[in-house]
Amino acid sequence: MLSRRGLVLSSAAIAAASATPAAASTKELRFRLVEDPEMLWSGQSVSLTVNTVVGTYLVERLVYQGTDGKPQPWLAESWTFSDDAKQITFRLRGGIKFHDGTDCDAAAVKFHFDSILDPARASPVRPIIAALESVDALDPLTVRFNFSRPFAPFMTIVAGGAYGINSPAALQRLGRQYGRRPVGTGPYRFVSWAPGSEIVLERNPTFRQLRADAVNKGAPYADRITLSVIPEEGVAFSALQTRELSAAELQTDTVERLARDRNFRVVVDENAKNLSFLEFAFRPPFDDPRMREAVSLALDRASIVRAAYAGYAVAVRGPMSPGIPGYDEAVAQQFGTGHDPARARAILAELGWTGTGRGPVSKDGREARFALRSYANPVADRALAVIQRNLADIGIQVAITTSDWGSFYPSLLRDGWDMNFMRWTSFDPFVLVQLFRHPGHRRALPRFDGLDEALAGIETTLDPDRRQVFVSEAQKLLLQNRAIVPLMTNHNVTVVQAGLQNYVPDAFNLVKPGDLRMANWA
Amino acid sequence: MSAAASLPTSRLAWVLDRLWHNRSARIGGGIIAIILLCAAFAPWIAPHDPMAIDTLRRLEPPSAEHWLGTDEVGRDLASRLIHGTRYFVLICLITTVIAGVIGTVLGLISGAGPLIADAVIMRFVDVLLAFPTILLVLAVIAILGPSLTTAMVAVGIGNIPGYARLVRSAALTIRREEYVEAARALGASELGIIFGTVLPNIVSPLVVYTSYAMPLAALAAAALSFLGLGAQPPAPEWGAMLVNARSFLFTAWWAVAAPGLAIFAAILGLNLLGNALRDVLDPRDA
């Protein structure tokens, strides 16, 4: 469910009909991959690229998340909760076959989740479903999940690509090689993988689409899908223009030029579920909430949105992405802050920070010079340029250092920083628990009265209405304490050839590839 | 050679006269002179505040108000280029001073000092040379952390071996000259001979080598900024400007062209001037 920085581990995008002669007989779509996946084994990677490729084309899940945030039937046709909310029992649909012809039944579901729970495999997705203790296959079409405590986000989590069901027979046959030759029940079957170059998939002719939100209920329209590994933005741009790709998820920097071209269409996922925000190390003077409030008031979020994403984003006042079901706009408006540099300067003055109007303000001989860390990324750089200027305007100088995510994120566990620029993607309010339960994901968060209790409620309350109370309360407490400075949620932007039909991202920003077709196909 | 190499006034006038009649020197010197003027008077020349952000006017093409257009957050590109000359000059000077001073001292001691010093210093230089320069620079940055200061120090250190070997070679030749023997016979100390007699006589090759090493050092520093390991935001350093603008190559070419051409012109200027200096000062051509 939870994935770091969608833009670094960006997903597959859609492609178009090939203009090659072979396309006359083969209906082919070509997609872009920003990076080569490390493997194609759902349940054994937290990489968004891995789980997007596997989850879009190769495997199916028990449920998918509807646009209203509620779970919808997929491989499972129904589910029930036990009275103590520690067990969820799924009823599977019958007659579902893996690509290798074996049955996708309760035993297969149990096998998949057992492989995640198996300590010997050390699955990286295991900590995300820490409350899951065991899975029982009650009969061929009934499977029960047993939890150590009520675990509310589970229905959202299992809708993610990492929880798509793999073929037990193929796994047992291939062993560790399974990650190079996956077998699922999805609309496309794995054909070949040239590392660093492309992944080729072919239509699953016996595929039955079980999702209610799909257009095509039968086998996919396209005979073949090729996923081309194209890390460079400029190359993807050119490939779109030459119709080698008929669609690609692009950075917003590149989108504008194609957006004006009638041969292309821009698909914007306005339900994006990421949030960029500033965090604090909570060391003096940022142990004072009013100091943190001054920072929040100084920032011109509209300007940050324009600079970073050319407007393909929305300024956010709340501590959770507006795309995540449960985001409380009323709380955000009441307890969040807008752009008010005059008020920010007044707060600094009240706190004893004074200056001459040029250079940083100072207090007790200490100048307001602080360290801001960020992951290295062109989009982040532009946001940071505005943030740096906004803070300079109120007399706070920040020295920005950026490094790749692998260096940046662990560095936050050490001293030497005052603020960091962070971005997370999630699909459930559970993200608040993961990030802000004391002592926080970077072990810097102080204990705020009532916050951990509200977060516990988010984790364990299954009733949606009662859970929403906790979600709103947690958002309110985070804002009241100025625990973070929310900035923006950016929209995923995909440029598609004008003739590509049914390109509609779902709640997880995944398309249904069985629906995709070119307008000129017979 | 000794009289000429120490560049007395008459020699300096002769060198300047030859440079003035050298086309490369005039073009290169002109470019460098413009850069130096911009660096000296940047706040008065720049039409806008180089740090002023206006995201409503981001990536605007060149116009009367913004001569070179605006960058990805609406800053005036011309103003940032003009202020960027200060970073360019600073990088050239600091890296050259670090490499030149340390390399020259090591080379002099090695070439004109005791044999044991020669052995120790040259093995140290060999170790430095064993690393590709970029790897050496990255190692220094990994230890000290990314910043413009670190980048300058790293590039400076990376250039030390070149200076050391050049100076050692020149010193080894000069120490056998009769005027050095004469100084020694007259009771001059070894230190006095090294810095008072040998050093003034290797100025010419040092100047020529510096003219070759300086543009490479400037280019390396720009490359480090491009990699995010040099100047940090919002410094209007040309390499950093280039990396910030690179994703707009297709949509706002001017944002890439401005810092790119500035680096190109500055390096060209240094190279042309360096070639001219070599033509004028190289003893083989003199």
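Which residue stands opposite Val496(A) in S22(A)? It's Ala247(A), and we'll come back to that strand below. What you have here is a predicted model, where local features need pLDDT of at least 70, side-chain atom pairs count only at pLDDT 80 or more, and totals for chains, interfaces and linings use all residues. Residues are numbered from 1 along each chain as its sequence is written, while chains are lettered from A and ligands numbered from 1 in the order in which they are written. Helix and strand names follow DSSP runs, numbered from the N terminus: helices are H or I with at least four residues, strands are E with at least two.

**Domains of chain A**

- Chain A splits into domain 1 (11-268 + 494-518) and domain 2 (274-490), with bounds that come from an automatic or database domain assignment.
- The centres of these two domains of chain A, taken over C-alpha atoms, are 33 Å apart.
- Where they touch, domain 1 of chain A puts in 16 residues and domain 2 of chain A puts in 14; two residues are in contact if their C-beta atoms, placed from the backbone, lie within 7 Å.
- On the domain 1 side, helix H6 (residues 252-259) of chain A gives the largest share, with 3 residues.
- That side of domain 1 of chain A is made up of 8 nonpolar, 5 polar and 3 charged residues. Here Ala, Val, Leu, Ile, Met, Phe, Trp, Tyr, Cys and Pro count as nonpolar, Asp, Glu, Lys and Arg as charged, and the others, Gly among them, as polar.

- Strand S12 (residues 247-249) of chain A pairs with S22(A) in the antiparallel sense over 3 bridges; strands pair if DSSP finds at least two bridges between them.
- Strand S13 (residues 264-269) of chain A also runs antiparallel to S22(A), joined by 6 bridges, and Phe264(A) has Gln497(A) as its bridge partner.

**The four-stranded sheet**

- Another group of 4 strands makes an open, antiparallel sheet in the order S5-S6-S8-S7 (chain A).
- Strand S5 (76-81) and S7 of chain A are at the edges with a single partner strand each, so one side of each has no neighbour in the sheet.
- On average, neighbouring strands of this sheet are turned by 20° against each other, direction ignored.
- Inside the sheet, strand S6 (residues 87-92) and strand S8 (residues 142-147) of chain A run antiparallel and are joined by 5 bridges; Arg91(A) stands opposite Thr142(A) in S8(A).
- H2(A) lies across S6, S7 and S8 of chain A, at about 165° to S7(A). Axes are lines fitted to C-alpha atoms, for helices over the stretch in contact, and angles run from 0 to 180 degrees between N-to-C directions.

**A helix pair**

- H14(A) and helix H15 (residues 464-480) of chain A pack at about 145°, with axes 8 Å apart.
- Among the residues making this contact are Leu451(A) and Ile458(A) of H14(A), along with Phe470(A) and Leu477(A) of H15(A).
- By class, the contact of H14(A) with H15(A) has 8 nonpolar, 1 polar and 2 charged residues.

**Where chain A meets chain B**

- Chain A brings 24 residues to this contact and chain B brings 18.
- H11(A) gives the most to chain A's side, with 8 residues.
- By class, chain A's side has 9 nonpolar, 7 polar and 8 charged residues.

- Pro284(A) and Pro285(A) are joined by a cis peptide bond, with omega about 5°; Pro285(A) lies in the loop between strand S14 (274-280) and helix H7 (289-298) of chain A.
- The peptide bond from His438(A) to Pro439(A) is cis too, with omega near 10°.
- Ala122(A) isn't a glycine, yet its phi is positive at about 50°. It counts as exposed because it has 8 C-beta neighbours inside 10 Å.
- Arg243(A) also has a positive phi, near 65°, and sits in the loop between H5 and S12 of chain A.

Notes:
A residue is buried if 20 or more other C-beta atoms lie within 10 Å of its own, exposed if 12 or fewer, and partly exposed in between; C-beta atoms are placed from the backbone.
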